Every structure is written in structure tokens, then in C-alpha cells.
Amino acid sequence: MVPDRADAARRPVAVVGAGTLGRRIALMLATRGGEVRISDPSHEQRNAAVRWAQERLPEVAARVGGTPGTVRAVDDLAQAVDDVWLVVEAVPERLEVKRPLFTELDRLAPPDAVLASNSSSYPTSRLVDAVRRPQRLVNTHFYMPPERTAVEVMSCGRTDPAVVRLLMDVLPDHGLQPFQVRRESTGFIYNRIWAAIKREALAVVAEGVATPEEVDELFRLNLGTDRGPFARMDTVGLDVVLDIEEHYAAERLGVSDGPRRLLRELIAEGRLGEKTGRGFYDHPR
Ligand SMILES: NC(=O)c1ccc[n+]([C@@H]2O[C@H](COP(=O)([O-])OP(=O)(O)OC[C@H]3O[C@@H](n4cnc5c(N)ncnc54)[C@H](O)[C@@H]3O)[C@@H](O)[C@H]2O)c1
């Protein structure tokens, strides 16, 4: 059994992990009325995420032609997933964190609920043996909503096609633009290309060829982008960028270590990007 559009309109959703992405996903999922529950072991993160989403919800819901729903923090995971049609996981990019969580979600969520991972680089095929019902397991890879509204939807290899269809149908109601990844791909579509850009930009700085400011300015001048790769990495979080790059390096031969060394140095100084007030740039709070 797969939930249908009526279930999606009627039943709550849960977002597990209340960090940079979790709060953004919660915001988007709350734009059509209904209830979005945010779960995170950190009390501060849960509450900060609810405040963050609530502040923006009226404006974003109006933008997508919807109505603001409710976003609330729930500390008990079983209560967070009670009666939901969808759970989106947005916890750190580590399999040893994600796998036991999916086993718990599979046990606690309603048997038909869709279990989606927002992982940037792990296909959910890596989680299939952690759950009893892989037909409801899927990747939904969000970018940086509400500003960047693309979502890449990818099967775990055993996903019921009706789950993919449901997400492709429902996500546009929330102002999101889903793209179906046509076969399994570590890094999805856009992120694979973006990873190569980040890696070379980091290498250029690690080798002392240019500063982050200079690279970003060249991007603005040459591609007409508003921000360059270093400003974007600061928004994403340098710890998250490093985790993703470590994963590519583990999966592929020949990924050079220079970019990761530079990230490790900054992280060791507490420079994680916007979330700590300093990364490649200073971000006064
Ligand atoms: N940051 C980005 O730009 C971005 C973009 C797309 C996808 N992603 C992916 O989204 C996921 C989350 O990334 P993020 O940047 O939001 O990370 P983050 O570090 O900002 O937030 C992670 C949150 O998960 C919580 N957490 C840790 N263990 C948990 C558990 N067992 N159960 C519930 N919550 C737990 C932490 O307290 C924290 O609040 C990762 O898989 C990442 O690859 C990130």
C-alpha cells in the first residue's frame, strides 16, 4: 500500500534532523496547511528550526499559492511519526547515523509511510537492508529551499514506482520542482557536477593559486552568478562539504586530498561557515 494524494493532503509529515536542510524542508512541506513535525535529539535545534520555519511560512506559503500549516517540535520519535504519510530524514551525512535511524523509522512509522532520505551522496540502496519494507524507501534530495526549489527523486532500486509518482505529483504543490533521477547515481545529477567544481575551487586555494574571494569574483564575472563556490560552501556548512567529499573519495579512485585537507584545517578552527559565524568568509550574526 502506498499513500495517495488524499492521504498526503490529510496526514501529517515528519522531518527528522532540524539543521540547515531539515528546517528548510519543513518550511516547504508546511505550505499547504497540515502539520509538519520536526524531530531532533537537540532541544535547541528543534526549537530554532520551528522558529526559523514559522517566521518565513506566511510569505513562502503565499508565494506557492498555499496556506500556512503548523510546524511543531516533537521530541519523541514515535510521536513524531505517528500517522504520517511521509518522513524526510535530514541528519548528518554519515551512514552510521542514518542506518540505525532508518531501522527505527521503519519500525515506528505507519507501514505505508514513505521514508525519504535527503542525503547528498548516499543512494538509499545503501539503506535497503536496514529496513523491512524497502518498497517505501526513496531519496528526495532537496537543494536550498525556499530559494532553490529543485528536488531530485531517486529510487533505492526496490522503491515502489507509485511512491516516486506520488512524490513527483505532490512536491510541485509545495512550490518544489522534482526531477526523477533515471538510474542510481552517487551524488544525483546536479551534485555530481557541483562536486567537481567545489573540488577544483578548493584545490586552487589550497595550492595558493588564488584566494576564495578571487575565485568567487571570477565566477560572478564569467558565469554571471550572484555568488561563487566559496560563498555557497559557507552556506552549506564546511563540515557537510567535507563529509560529502570524504564519501566521493571513498567511492572513487584518484580524488585528491588537498581540498579535504583545507576543509579539515578550517573545521579544526571552528570555521564551519554561516552556522558558526565564520568559514571562508566572516558572517557577523
Ligand atoms: N547543507 C546542505 O546544503 C545540504 C543540501 C542537500 C542535502 N543535504 C543533506 O541533508 C542532510 C543534513 O544536512 P544539514 O546540512 O542539514 O546538516 P546539519 O548538520 O545542519 O543538521 C543535522 C541535524 O541532525 C541532527 N541529528 C543528529 N543525529 C540525529 C539523529 N540520530 N536523529 C535526528 N536528528 C539528528 C543534528 O542535531 C542536527 O540538528 C545530510 O545528509 C546532507 O548531506 C545538505
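The legends below describe an overall view and several close-up views of one predicted model.

**Figure 1. The protein chain as a whole.** Because this is a predicted model, local features need pLDDT of at least 70 and side-chain atom pairs count only at pLDDT 80 or more, while totals for chains, interfaces and linings use all residues. Residues are numbered from 1 along each chain as its sequence is written. The protein chain holds 11 helices and eight strands, where helices (H or I, at least four residues) and strands (E, at least two) are DSSP runs numbered from the N terminus. Its radius of gyration is 19 Å, close to the 19 Å that the globule rule gives for 285 residues, so the chain is as compact as a globular protein of that length; the radius is taken over C-alpha atoms, and the rule is 2.2 Å times the number of residues to the power 0.38. The C-alpha trace spans about 55 × 40 × 35 Å along its principal axes. Of the 285 residues, 45% count as buried, a class that requires 20 or more other C-beta atoms within 10 Å of the residue's own, whereas 12 or fewer make a residue exposed and values in between partly exposed, with C-beta atoms placed from the backbone.

**Figure 2. The shell around the ligand.** The ligand is surrounded by 26 residues, of which the closest are Gly-17, Gly-19, Leu-21, Ser-120 and Val-236; a residue is near the ligand if its C-beta atom, placed from the backbone, lies within 6 Å of it. Helices α2 (20–29) and α5 (95–108) each supply at least two residues of this shell, and α2 gives the most, with three residues. By class the shell has 13 nonpolar, 11 polar and two charged residues, where Ala, Val, Leu, Ile, Met, Phe, Trp, Tyr, Cys and Pro count as nonpolar, Asp, Glu, Lys and Arg as charged, and the others, Gly among them, as polar.

**Figure 3. Helix α7 against helix α9.** Helix α7 (residues 190–206) and helix α9 (residues 229–236) pack at an angle of about 110°, with their axes 10 Å apart; axes are lines fitted to C-alpha atoms, for helices over the stretch in contact, and angles run from 0 to 180 degrees between N-to-C directions. The two helices are therefore roughly perpendicular to each other, a term for angles of 65 to 115 degrees. Ile-197, Lys-198 and Ala-201 in α7 meet Pro-229, Phe-230 and Met-233 in α9, contact being counted if the C-beta atoms of two residues, placed from the backbone, lie within 7 Å. Ile-197 is partly exposed, with 13 C-beta neighbours inside 10 Å, and its C-alpha atom is separated by 7.6 Å from that of Pro-229, 32 residues apart along the chain.

**Figure 4. Helix α7 against helix α11.** With helix α11 (residues 258–268), α7 packs at an angle of about 75°, their axes lying 8 Å apart, and these two helices are therefore also roughly perpendicular to each other. The residues of this contact divide into seven nonpolar, one polar and two charged.

Figure 5. Most residues other than glycine have a negative phi, and most peptide bonds are trans. A cis peptide bond, with omega about 5°, joins Pro-145 and Pro-146, and Pro-146 lies in the loop between β6 (137–142) and β7 (150–155). Phi of Phe-188 has a positive value near 60°; this residue lies in the loop between β8 (177–180) and α7 and is buried, with 23 other C-beta atoms within 10 Å. Asp-83, in the loop between α4 (77–80) and β4 (86–89), has a positive phi near 65°.

How values were computed: Angles under 35 degrees count as roughly parallel, over 145 as roughly antiparallel, 65 to 115 as roughly perpendicular and the rest as oblique.
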